[in-house]
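Good morning. Please look at the structure on the screen.

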Amino acid sequence: MKIFLTIFVFLFSSLAISKEYRTIYQFSINIPENYIGVNEFNMNDVSEILKSETDINISEWNSLLEETGIKNAEFFYNTNDLEKLNDSFINNINIVSTKSPYLSVSKNDLIEFCPEYENYLTTLANNKVTQLFCNISSDPSIKGNSIYMEHIGVLPEILTLQYLFWINNTDMIGVTLTCDFNDCSEDRVVFNNIVSSIK
């Protein structure tokens, strides 16, 4: 039954209408029509649109943006799940950029990197984070391979999916999905579709 549901969600998501979105990092992604992208440059405009077109509590929304630390990051939210917007750390996809010289990543590099990253997240979260998956990926195929990881425990019962990759010789990108561990199948499909659409 779970396999059937996953296939159904995948097919449904593939048929959903998407729009091209230009990120603040100067690459484009395809996001579903019901998603909004928020960054430090457009957050006031997005707030005005949400205020006029939805029943969202704008003061809660603005508090969310403040807590999230919107500077130097771009966040994507599903406007069909507005009740989930009360928590700044779950049910979103975010993109951040870090200045880092390009390194060609191979499977051998993961022997050290994967446990080190798990320890880093454990220290950052101040509780035990468990790595569920860490491997090389060809998505989004902009410049070399990426590293794809899944962790649980950064927040209780929260699953974190993340791609790390370079877009040029100096800029490394992290694209991260945070979602409820028990209710993440649709978010996972959207997330993977967004990453594979990066150009």
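A salt bridge here is a side-chain nitrogen of Lys or Arg within 4 Å of a carboxyl oxygen of Asp or Glu. Keep in mind that this is a predicted model. By that rule, the count comes to four salt bridges. I will go through some of them.

Start with Lys99 and Asp171. They form a salt bridge, and their closest N and O atoms are 2.7 Å apart. Lys99 lies in strand E5, residues 92–99, and Asp171 lies in strand E9, residues 171–180, so this pair ties together parts that are 72 residues apart in sequence. Are the two partners buried or exposed? Lys99 counts as exposed, because its relative accessibility is 66%. Asp171 counts as buried, because its relative accessibility is 12%, and the cut-off for buried is under 20%.

Next, Glu20 and Lys199. Their side chains meet in a salt bridge, at 3.2 Å from N to O. Glu20 is in strand E1, residues 18–22, while Lys199 is in the segment after helix H5, which covers 185–197, so the pair ties together parts that are 179 residues apart in sequence. Glu20 is exposed, at 54% relative accessibility. Lys199 is exposed too, with a relative accessible area of 56%.

Then there is Lys128 with Glu118. This salt bridge has its closest N and O atoms 3.6 Å apart. Lys128 sits in the loop between helix H4 (110–125) and strand E6 (130–137), and Glu118 sits in helix H4; the two are 10 residues apart. Lys128 is exposed, with a relative accessible area of 54%. Glu118 counts as buried, because its relative accessibility is 16%.

Where is Phe181? Its place is in the loop between E9 and H5. Phe181 counts as partly exposed, because its relative accessibility is 37%, and partly exposed is the class between the buried limit of 20% and the exposed limit of 50%.

Which residues is Phe181 in contact with, leaving aside its neighbours within four places in sequence? The contacts of Phe181 are Leu132, Ile152, Glu157, Ile158 and Leu159. As for Gly153, its C-alpha is 9.7 Å from the C-alpha of Phe181, and the two residues are 28 apart in sequence.

Definitions and conventions:
Residues numbered from 1 in each chain as written. Predicted model: local features only at pLDDT ≥ 70, side-chain atom pairs only at ≥ 80, totals over all residues. Heavy atoms only, no water. Helix = DSSP H or I, 4+ residues; strand = E, 2+ residues; numbered from the N terminus. Buried < 20%, exposed > 50% of the residue type's maximum accessible area, 1.4 Å probe, protein only. Contact = heavy atoms within 4.5 Å.
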